[in-house]
Amino acid sequence: MNDQTLTPEERAANLKGMGSSRKRVEDVRFTQGKGNYVDDIKLDGMLFGAFVRSPYAHARVVSVNKEAALAIPGVVAVLTAEDLAPLGLHWMPTLAGDKQMVLADGKVLFQGQEVAYVVAENRYIAADAAELVEVDYEELPVLTDPFEALKSDVVLREDLAGQTDGAHGPRKHHNHIFTWEQGDKDATEAVLGEADVVAEEMVYYHRTHPCPLETCGCVASMDKVTGKLTLYGTFQAPHAIRTVVSLISGLAEHNIRVISPDIGGGFGNKVGAYAGYVCSVVASIVTGQPVKWVENRMENLMSTAFARDYWMQGKIAATKDGKITGLWCHTTADHGGFDACADPTKFPAGFMNICTGSYDIPTAYLAVDGVYTNKAPGGVAYRCSFRVTEAAYFIERMIEVLAIKLNMDAAELRRINFIKADQFPYQSALGWEYDSGDYHTAWDKALKAVGYEGLRAEQAQRIEDFRAGKTRKLLGIGLTHFTEIVGAGPVKNCDILGLGMFDSCEIRIHPTGSAIARLGTISQGQGHATTFAQIIASEIGLPADDITLEEGDTDTAPYGLGTYGSRSTPVAGAATAMAARKIRAKAQMIAAYLLEVHDNDVEWDVDRFAVKGAPERFKTMKEIAFAAYNQAIPGLEPGLEAVSYYDPPNMTYPFGAYICVMEIDVDTGEWDVRQFYALDDCGTRINPMIIEGQVHGGVTEALAIAMGQEIAYDEMGNVKTATLMDFFLPTAWETPNYTTDHTVTPSPHHPIGAKGVGESPNVGGVPAFSNAVHDAFRPFGLVQSHMPHDHWRIWKIANGLGMHG
Amino acid sequence: MSKMHVKLTVNGKQVEGLAEPRTLLIHFLREDLKITGPHIGCETSHCGACTVDIDGKSVKSCTTFVAQVNGADVTTVEGLTNDDGSLGVLQEMFREHHGLQCGFCTPGMITRAHRLLQENPNPTEEDIRFGMSGNLCRCTGYQNIVKAIAASADMLNAQKEAAE
């Protein structure tokens, strides 16, 4: 038998378990165009929904006339808030404890807001009819600046009039949502008062949008005979959507089946609940026919969840030799017309309190004020864990600003302030317990890899040449050392709408030794069907190729909170390992029975249990699986399956060191990324190929955000960047090649030591690119300039510094 | 709205149907023919998820009326699979080099790459990056897509050489 001749290492390699760059099982379908995305779903009698949207950012809706629209053949219905009100569905709860209009109830609060929903026989008729719905608006003053909104007499949310308490404590003004405070204000102010050096700066992280290539959409199908609603959609959290639909519609949860089919990228955009889902469900209930709604790109950019828009005022204190003594931050957060941020309930500003970053900062204080404006709602974590990217950008800019003030090298300033390897688990001043890290090792490896000292020498020469008129190009060296907080999270402090943020995995081993596993998460390109099978393969010794992974069908998968915030591997990945270990524990008893020895006299060996001291006597997992279904084993139930609901004891804290080398043309503002080095430490690495792919993609999204991508409004509240002509998505032409690297510092509390990686490159990439731009201009007096650093803004920096003669 | 009779060759098969003059090719393919490989990402010609091959040219089917291509020879990603059902060279190399993640851009990417390699069988990295710049990907950062296309070029050239 083959097994007799193979070494344990060879048997392990055959499993394609953890550590293997296993090719993706998803790709056979996707490369042939056989994916099944929501717009691919076609049901008998399916109708199509389309929205009438507000052209104004702030206006009263005086009247809606549906007559002309309804007169078109093929139009089935036109829904307005009046139609939804009797059902109580004209408003819906948001994930942030606020409520949001499903269809305009008397007024609109942002351009692109949903006013009416047309249902027709096909998408062309629906679009025609939407054009013919006549809406009378009465324009109101528009507030697009959160600082002005807090001073203005204009009341945006009249429905909240007189409510001085919001979901997160007192409201200070009618356009104020919440204040969230963390850390020790008095102690921090005392430190700032006594410090040798204090650097102060406003760091703005502009509004942008996750913009997955597939927009948001759904198909709602109410079966009037069975009373069962099936809702297909682009949901990053299908189980949570089922519960939300049940709570707001009144349908019993067992009569709702939510299915997330293949999802064409999410990046946070597909976490929330949108008006399109509610209207489609209502339309299907009313008509008894399936109803599809898929937004177009303009609708996606104008109305579904934006990201960032944080004004972060910072003060950082240090001794004269560069030891940081305190950090203070006040953030003004522009949440748009409704507070629809997707954050765990107790964290209205997400995990912004990770803003002490990778540094041992003894004293810190953070306050965040949420503000209503006439912009789209959202505030999702665009490829980051709940505002971690804002936090990382803030601290990595503040470090640079402090380095300027101290006239120090920014790499050295970071080094002398890093949390040391022997300080983990590390208690941060803003309340987190970092699980593990070795920042100095990663930093030294990164600096060495890029030849940091040589780069600085080259830069010095370049500056000299520039001043001598020999070149018009500057060299910027962008440094970043980031620490993330991902894997939300422990149920004791993490929930969304009261649902604890555990996750789950159920594994069933079939008699012939293959298996199916189902998880509470949902892949949107991360390759779960590939990687989670690898975890199981390593844990129970069945080949990954013999393990099917299923996610996204709430009728079959165990309950879980979904995929966002890099939580799949830290939470569902842990559940997977734990479920596999339950199976292995039962398998041990079966093996012992078959080998006629005591349970404790067998030991695990890659893919089998063998008798201790007699490795030639063994039962493979495959043999054990069959025995589980055909042997009557005293004291054991037949079958071999397990389910685990994993409540993580702590978050995980991936980290990394990123360095960007950028050439900048002073006269045109054009930039060119000459080199980008990304070192990630995500703990145990499950599939290196997929990790690298995640890093490439995440850094490219970071490049977009830092160098050009934004959701911009004019003073009338018009969205200026609502198509891909204006909203920057880098092409292959602008995108550089990246060098990836790693260190491995396992998480001590995760069953396999993995920390999650999908969002690290976005969190670390943005400050690396931005710091490169700042670094290029540092010798000429630049301290801070807001992103995105498009050619025009870079030209303006140079112009403002008098570099155009 | 009155409909017109359209006839096309799609992936080697004769197809026909009735379509309004304003019907976009992408909708005709996806809704009428149920060929759902080509995707809709922007409806403005920017993203390339809808790319198909028409009479030897890469075309964005989200901004093409089906009436405009009456009688044409259309190839979608479905038509690039080998006759025996195995993956075509580009499909296999995209998988081999991890040139896709969510898969939404992939049909357009592969269909465009197919034409690019007909236009230029020996592309440099720069040629590939320029030639693919009409197709957006949000997941991969392009690095592995470029690798997959370069590897496909090598493999196709080797196959051609062996056949000659």
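The structure is a predicted model. Chain A contains 21 helices and 35 strands, while chain B contains five helices and five strands. The contact between the chains draws 41 residues from chain A and 44 residues from chain B.

**Chain A: overall form**

- The radius of gyration of chain A is 28 Å, close to the 28 Å given by the globule rule for 805 residues, so chain A is as compact as a globular protein of that length.
- The C-alpha trace of chain A extends over about 85 × 75 × 50 Å along its principal axes.
- Of the 805 residues in chain A, 60% are buried.
- Among contacts in chain A with a separation of 6 or more, 79% are between residues 24 or more positions apart.

**Chain B: overall form**

- The order of elements along the sequence of chain B is β-β-α-β-β-β-α-α-α-α.
- For chain B the radius of gyration is 16 Å, close to the 15 Å that the globule rule gives for 164 residues, so chain B is as compact as a globular protein of that length.
- Along the principal axes, the C-alpha atoms of chain B fill a box of roughly 50 × 35 × 25 Å.
- Buried residues account for 54% of the 164 residues in chain B.
- Of the contacts in chain B between residues at least 6 apart in sequence, 60% link residues at least 24 apart.

**Contact between the chains**

- Chain A contributes 41 residues to the contact and chain B contributes 44 residues.
- On the side of chain A that touches chain B, α3 (27-30) and α19 (688-707) of chain A each provide at least two residues.
- The largest share of that side, six residues, comes from α19(A).
- The residues on the side of chain A that touches chain B comprise 15 nonpolar, 17 polar and nine charged.

**Nonpolar core**

- The largest nonpolar core has 315 residues, and those with the most contacts inside it are Leu103(A), Val118(A) and Ile536(A).
- Beyond residues up to four places away in sequence, Leu103(A) touches Leu79(A), Thr80(A), Ala81(A), Leu84(A), His90(A), Glu114(A), Val115(A), Ala116(A), Tyr117(A) and Ala275(A).

**Strand β14 of chain A and its partners**

- Strand β14 (residues 228-233) of chain A is mostly covered, with five of its six residues buried.
- β14(A) pairs with strand β13 (residues 217-223) of chain A in the antiparallel sense, over six bridges.
- Within this pairing, Lys228(A) in β14(A) stands opposite Asp223(A).
- The hairpin of β13(A) and β14(A) has four residues between the strands, and Gly227(A) adopts a positive phi near 75° there.
- β14(A) also pairs with strand β15 (residues 256-259) of chain A, here in the parallel sense and over four bridges.
- Leu229(A) stands opposite Ile256(A) in β15(A).

**A three-stranded sheet in chain A**

- An open sheet of three strands in chain A has the order β6-β2-β8, with antiparallel pairing.
- β6 (107-108) and β8 (134-139) of chain A are the edge strands, each with a single partner strand, so one side of each has no neighbour in the sheet.
- Strand β2 (residues 59-65) of chain A is joined to β8(A) by six bridges, and the two run antiparallel.
- Ala59(A) stands opposite Glu139(A) in β8(A).

**The surroundings of His206(A)**

- His206(A) lies in strand β12 (residues 197-208) of chain A.
- His206(A) counts as partly exposed because it has 18 C-beta neighbours inside 10 Å, whereas a buried residue needs 20 or more.
- Leaving aside residues up to four places away in sequence, His206(A) touches Arg308(A), Asp309(A), Glu710(A), His786(A), Met787(A) and Pro788(A).
- His206(A) and Lys315(A) are 109 residues apart along the chain, and their C-alpha atoms are separated by 20 Å.

Conventions. Residues numbered from 1 in each chain as written. Chains lettered and ligands numbered in written order. Predicted model: local features only at pLDDT ≥ 70, side-chain atom pairs only at ≥ 80, totals over all residues. Contact = placed C-beta atoms within 7 Å. Nonpolar A, V, L, I, M, F, W, Y, C, P; charged D, E, K, R; others polar. Core = buried A, V, L, I, M, F, W, Y, C linked by C-beta atoms within 7 Å. Buried ≥ 20, exposed ≤ 12 C-beta atoms within 10 Å, placed from the backbone. Pairing = 2+ DSSP bridges. Rg over C-alpha atoms; globule rule 2.2 N^0.38 Å.
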